[in-house]
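This briefing concerns salt bridges, a pocket and aromatic pairs. Please view the sequence and the structure together.

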Amino acid sequence: MAKAKTQFVCQNCGTVHTRWAGKCEGCGEWNTIVEEDPMGGIGGGPGKTPKKGRPVTLTSLSGEIEEAPRIPTGMSELDRATGGGFVRGSAVLIGGDPGIGKSTLLMQAAAALSRQDHRVVYVSGEEAVAQVRLRAQRLGAADTDVLLAAETNVEDILATISEGKRPDLVIIDSIQTLWSDTADSAPGTVTQVRTGVQAMIRFAKQTGATMVLVGHVTKEGQIAGPRVVEHMVDAVLYFEGDRGHHYRILRTVKNRFGPTDEIGVFEMSDRGLREVSNPSELFLGERNEKSPGAAVFAGMEGTRPVLVEVQALVAATSLGTPRRAVVGWDSSRLAMILAVLEAHCGVKLGQHDVYLNIAGGYRISEPAADMAIASALVSSLAGLALPADCVYFGEISLSGAVRPVSQTAQRLKEAEKLGFSAAFLPSASAELPKGSKGRWTEIESLPDLVARIAGSGNRFRQAEEDE
């Protein structure tokens, strides 16, 4: 029998190396490569004779389709992010920064399901039972029938939840603390994490119980451990937020049973997380309507329209290389907008520092924010305050043209609901809300937008002089 070769696995990305090295070639991290036994953990390793397989039944694509049964939690924001509730027999991975509120969210969800007569098991590998009980008392969940355990061994956890009635929901906090007798490496390593997740997913598929796994994140904000864990589970949710703000966003990045672009918005308080049904009011709550450099962007998060304020500051600089500071947006896209403004509109920003901020710590990844960003930059440079009742959205191309974006009607309806009566939008937008009384200004190119902003500023100054 061939001798099994020792392999070296990176504990950050899971890349397998033939020999030890100080730096991983896969992710570039230092001192993360650890020697592991390929016979331990998953599979039998080299030298093991595979058994003969059995044929499986093949079927066609046509046939009856059964909708996946779900367990609604009663928390509307959590149900929105998961696509209507937890699917029975699925595995959900939730990641987020330390102290962001992952355990708080799951404790509230466990209490809500327990009040609906669902059997919920909460397994904590990082806290003692007394510490979890203190959190439950603070959240008002101590009177529920949530079953609690503090254990890290995979075999003991499976033996515990397999006894008696099948649980409807099992929460594992967290996967980095699990360890199995079948793997020789330490807890938190790639082999242990992969072995523990596989065992939990296998239990969920065999019994129909929903498995929720909490995962640590790296300093870059990604789930710690091998990316294969994200491929194994059915849904991946990220719990995001800023320590300087009270709001939290539960963002879906993978969902085999629902949409992947929905978000749930919560507000952190001393009694836990409170659901925010209208996030636009949250991000526009402290808006200064007379300040130059502020524009309201009508964006979309999945099926939910969100209005957020974009703030820009353009100031003259004496440095050889002007500063470009961005918070909440893509810095490369800001460089593109600045280049288009200078090339097609004659707006010279080469001798100015540019600071861009998305109010409330919100993060925008939608290209439709280009027009709002450009409007805020021109407003700050000219010292002209934009109309307080106007929203902006549209994608800007390198030629200076304004391209249409999707879901125009939903954006405008949300703006009207919050008191905005005007909008600057792409000229090719076909879907406008019917029966609307708003003033919609269609923009064909970026020079047209700059000219209208300058014209509105001249009219505003003329009105002040007449008064």
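The points below are grouped by topic, after a short note on the model.

This is a predicted model, in which local features need pLDDT of at least 70 and side-chain atom pairs count only at pLDDT 80 or more, while totals for chains, interfaces and linings use all residues. Residues are numbered from 1 along each chain as its sequence is written, and side-chain values use heavy atoms, with hydrogens and water left out.

**Salt bridges**

- The structure contains 18 salt bridges (a side-chain nitrogen of Lys or Arg within 4 Å of a carboxyl oxygen of Asp or Glu).
- One of them joins R80 to E262, with 3.8 Å between the closest N and O atoms. R80 belongs to helix α1 (residues 76-82) and E262 to the loop between β12 (247-255) and β13 (263-269), so the pair ties together parts 182 residues apart in sequence. Helices (H or I, at least four residues) and strands (E, at least two) are DSSP runs numbered from the N terminus.
- R80 is partly exposed at 30% relative accessible area, whereas E262 is buried at 5% (buried means under 20%, exposed over 50% and partly exposed in between, with a 1.4 Å probe and protein chains only).
- E127 and R135 form a salt bridge whose closest N and O atoms are 2.6 Å apart; E127 is partly exposed at 23% and R135 is buried at 11%.
- R403 and E395 meet in a salt bridge of 4.0 Å, N to O. Through shared partners, salt bridges join R333, D370, E395 and R403 into one network.

**Largest pocket**

- The largest pocket holds about 690 Å³ of space. A pocket is an open set of points on a 1 Å grid over the protein atoms alone, where a 1.4 Å probe fits, with protein on both sides within 12 Å along at least five of seven lines; lining residues have an atom within 4 Å of a point. The volume is the space filled by probe spheres set on the points, which are joined across faces, edges and corners.
- Its lining comprises 33 residues, of which E240, I249, R251, Y362 and R363 lie nearest the centre.

**Aromatic pairs**

- The whole structure has two aromatic pairs (ring centres of Phe, Tyr or Trp, the latter by its six-membered ring, within 6.5 Å; planes under 30 degrees apart are stacked, over 60 edge-to-face and the rest tilted).
- F239 and F266 have ring centres 6.2 Å apart and planes at 65°, so the pair is edge-to-face. Both F239 and F266 are buried.
- Y392 and F424 have ring centres 5.2 Å apart and planes at 45°, so this pair is tilted. Both Y392 and F424 are buried.
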